[in-house]
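Trainee: Please take one part of this model, the packing around one side chain, and look at it closely. Then follow it out to whatever else can be said about the charged contacts.

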Amino acid sequence: MSGLDENGRGEAGPNTMSPAQSRAARGMLGWSEADLAAKVGLAEQDVKAFENGIGDPASGRIEALRSVLMTAGIVFHEGSESGVGLRATGGDEGTRLGSLTTENDH
């Protein structure tokens, strides 16, 4: 097996992720297994197998999946409350008050 507990949580370190984190991240982004696989250049079956805890994928594959998810805005939380979140995507905040000049009026 791949080190998962009964809840599907693995021993995810700072450069890896658990199958549950992968599923949650895809859900937040609205991606299917096929979407994630295509973005990484893997077969959909590879993502399905990883997320179902089947086999022991190379750490490089897991890191590639994690990297693509992070680029899309996923933030991984580690520790006793490991999970995922979606990074806030604030827009252009404009010019700060201390930077305003008559040149900014254009």
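Mentor: Ile74 touches Ala25, Met28, Leu29, Leu69, Val84, Gly85 and Leu86, leaving aside residues up to four places away in sequence; a contact here means heavy atoms within 4.5 Å. This is a predicted model, in which local features need pLDDT of at least 70 and side-chain atom pairs count only at pLDDT 80 or more, while totals for chains, interfaces and linings use all residues. Residues are numbered from 1 along each chain as its sequence is written, and side-chain values use heavy atoms, with hydrogens and water left out.

On confidence, pLDDT is the predictor's confidence in each residue, from 0 to 100. The protein chain has a mean pLDDT of 79, with 70% of its residues at 70 or more. Residues 1-12 stay under 50 throughout, and the model has 21 contacts beyond four places in sequence for them.

Ile74 is also among the residues with the most contacts inside the largest nonpolar core, together with Met17, Leu36, Leu65, Leu69 and Phe76; this core has 15 residues. A nonpolar core is a set of buried Ala, Val, Leu, Ile, Met, Phe, Trp, Tyr and Cys residues joined through side-chain atoms within 4.5 Å. Buried means under 20% relative accessible area, exposed over 50%, and partly exposed in between, with a 1.4 Å probe and protein chains only. Two or more residues each come from α2, α3, α4 (59-71) and β1 (74-77), and α4 gives the most, with four. These elements are DSSP runs numbered from the N terminus: helices are H or I of at least four residues, strands E of at least two. Gly41 lies in the loop between α2 and α3 and is exposed, at 64% relative accessible area.

Phe76 has a charge over its ring: the charged end of Arg66 is 4.3 Å from the centre. Lys39 does likewise over Trp31, at 4.8 Å. The criterion is NZ of Lys or CZ of Arg within 6 Å of the ring centre and within 35 degrees of the ring normal.

Now the salt bridges, of which the structure holds five; each is a side-chain nitrogen of Lys or Arg within 4 Å of a carboxyl oxygen of Asp or Glu. In one of them, Arg26 and Glu51 have their closest N and O atoms 2.8 Å apart. Arg26 is in helix α1 (residues 19-29) and Glu51 in helix α3 (residues 44-51), so the bridge ties together parts 25 residues apart in sequence. Both Arg26 and Glu51 are buried. Lys48 bridges to Glu33 with closest N and O atoms 4.0 Å apart. Since Lys48 is in helix α3 and Glu33 in helix α2 (residues 33-40), this pair ties together parts 15 residues apart in sequence. Lys48 also bridges to Glu44, at 3.5 Å between the closest N and O atoms. That pair stays inside helix α3, four residues apart, or about one turn. Lys48 is partly exposed at 26% relative accessibility, and Glu44 is partly exposed at 34%. Salt bridges link Arg26, Glu33, Glu44, Lys48 and Glu51 in a network.
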